[in-house]
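Here are some notes to read alongside the model. They cover the sheet, the relation between the chains and the cavities.

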2 protein chains.
Amino acid sequence: MTFDDIKGMDLAYEEALKGFNEGGVPIGSVLIHKDGTVISRGHNMRVQKNSMTLHAEISCLEATNRVPASITKNCTLYSTLSPCSMCTGSALLFKIPRVVIGENETFMGAEDWLAKNNVEVINLKDARCKDLMDKFIAKHPEIWNEDIGE
Amino acid sequence: MTFDDIKGMDLAYEEALKGFNEGGVPIGSVLIHKDGTVISRGHNMRVQKNSMTLHAEISCLEATNRVPASITKNCTLYSTLSPCSMCTGSALLFKIPRVVIGENETFMGAEDWLAKNNVEVINLKDARCKDLMDKFIAKHPEIWNEDIGE
């Protein structure tokens with residue numbers, strides 16, 4: 001864990017909070033190059049865009065307007081929550097070497113698949129991220145279940 | 001392989017052809033319920049929407065306008081090409097039990113991950129699907145490489 005990772009998670013949390021304030025699933029994601037450039041940001045758009053594929057990480061990658069893997073392979077993907085199989089698969093497809101997550105208590109994604117493919121996974125155990133999810137899930141358990149295919 | 005699977009692949013191929021005629025990566029996908037209802041269709045939008053996440057399967061799922069897994073778990077996902085790790089991950093997330101592909105010679109996706117999760121994978125070895133990809137790749141190898149994170 002580095003100072004930069006905390007700054008990265010701050011931005012991802014800002015995105016999650018935006019989502020929360022829009023009435024959406026409060027998960028945020030940021031893609032940051034190892035030179036410190038913030039490449040893109042995004043948050044879950046299930047509610048806002050009636051979308052089943054715009055999870056935070058997919059929204060974030062979509063917001064790059066199509067960067068090649070020569071960029072993403074030098075980036076860290078931040079997400080306030082452990083990435084599901086779809087988002088994990090996107091990180092692998094684009095050869096993202098590091099994934100920093102806020103927490104994995106609310107949901108355990110496909111971290112084993114990341115590890116198996118030598119992607120570094122760091123869990124910051126960030127209480128803010130979990131608190132925001134707890135608040136959302138208490139209000140809208142059915143939307144959350146839908147988001148994770150339950 | 002059933003007659004329905006061939007009809008499903010015909011629709012996926014139609015989508016791939018639409019993509020080709022738009023100048024895009026010619027991969028198409030269709031989601032069909034086991035009762036025969038075509039739930040949604042889509043094709044790769046890398047070129048058309050400057051998108052790195054709208055692979056055919058993701059476009060197809062996006063076009064459902066958010067169906068729950070209670071629907072997708074009774075569907076077959078058709079794709080003219082073996083699904084990459086991201087699209088495989090989306091099939092797993094939404095508990096899609098069957099994936100029918102046109103071919104896997106152009107690209108071998110994460111079929112092992114589907115199999116490991118007890119998703120039935122059927123390869124129709126459809127020459128039309130491969131021919132269309134061959135034509136596209138001969139013209140635009142750089143776009144194709146970008147699409148698969150190379």
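In which order do the 5 strands of the open sheet in chain A stand?

1. The order is β2-β1-β3-β4-β5 in chain A, with mixed pairing. Strands are DSSP runs of E with at least two residues, helices are runs of H or I with at least four, and both are numbered from the N terminus. Two strands count as paired if DSSP finds at least two bridges between them.

2. This is a predicted model, in which local features need pLDDT of at least 70, side-chain atom pairs count only at pLDDT 80 or more, and totals for chains, interfaces and linings use all residues. Residues are numbered from 1 along each chain as its sequence is written, chains are lettered from A and ligands numbered from 1 in the order in which they are written, and side-chain values use heavy atoms, with hydrogens and water left out.

3. At the edges of the sheet in chain A are β2 (38–43) and β5 (120–123); each has a single partner strand, so one side of each has no neighbour in the sheet. From one strand to the next the twist averages 15°, taken between N-to-C directions of lines fitted to C-alpha atoms, on a scale from 0 to 180 degrees.

4. Within this sheet, β1 (residues 28–33) and β3 (residues 75–79) of chain A are antiparallel and share 5 bridges. V30(A) faces Y78(A) of β3(A) across this pair.

5. Chain B superposes on chain A by a rotation of 180° with 0.0 Å of shift along the axis, at RMSD 0.0 Å.

6. A cavity is a set of points, on a 1 Å grid over the protein atoms alone, where a 1.4 Å probe fits but cannot get out, and lining residues have an atom within 4 Å of a point. The largest cavity holds about 80 Å³. Its lining has 15 residues, of which I27(A), H55(A), E57(A), L81(A) and S82(A) are closest to the centre. α2 (56–62) and α7 (141–147) of chain A each give two or more residues to that lining.

7. The second largest cavity holds about 70 Å³. Its lining includes I27(B), H55(B), F107(B) and W144(B).

Technical notes. Copies are superposed by least squares on the C-alpha atoms of residues with pLDDT of at least 70 in both. On a 1 Å grid over the protein atoms alone, a cavity is a set of points where a 1.4 Å probe fits but cannot get out, and a pocket is an open set with protein on both sides within 12 Å along at least five of seven lines; lining residues have an atom within 4 Å of a point. Grid points are joined across faces, edges and corners, and a volume is the space filled by probe spheres set on the points.
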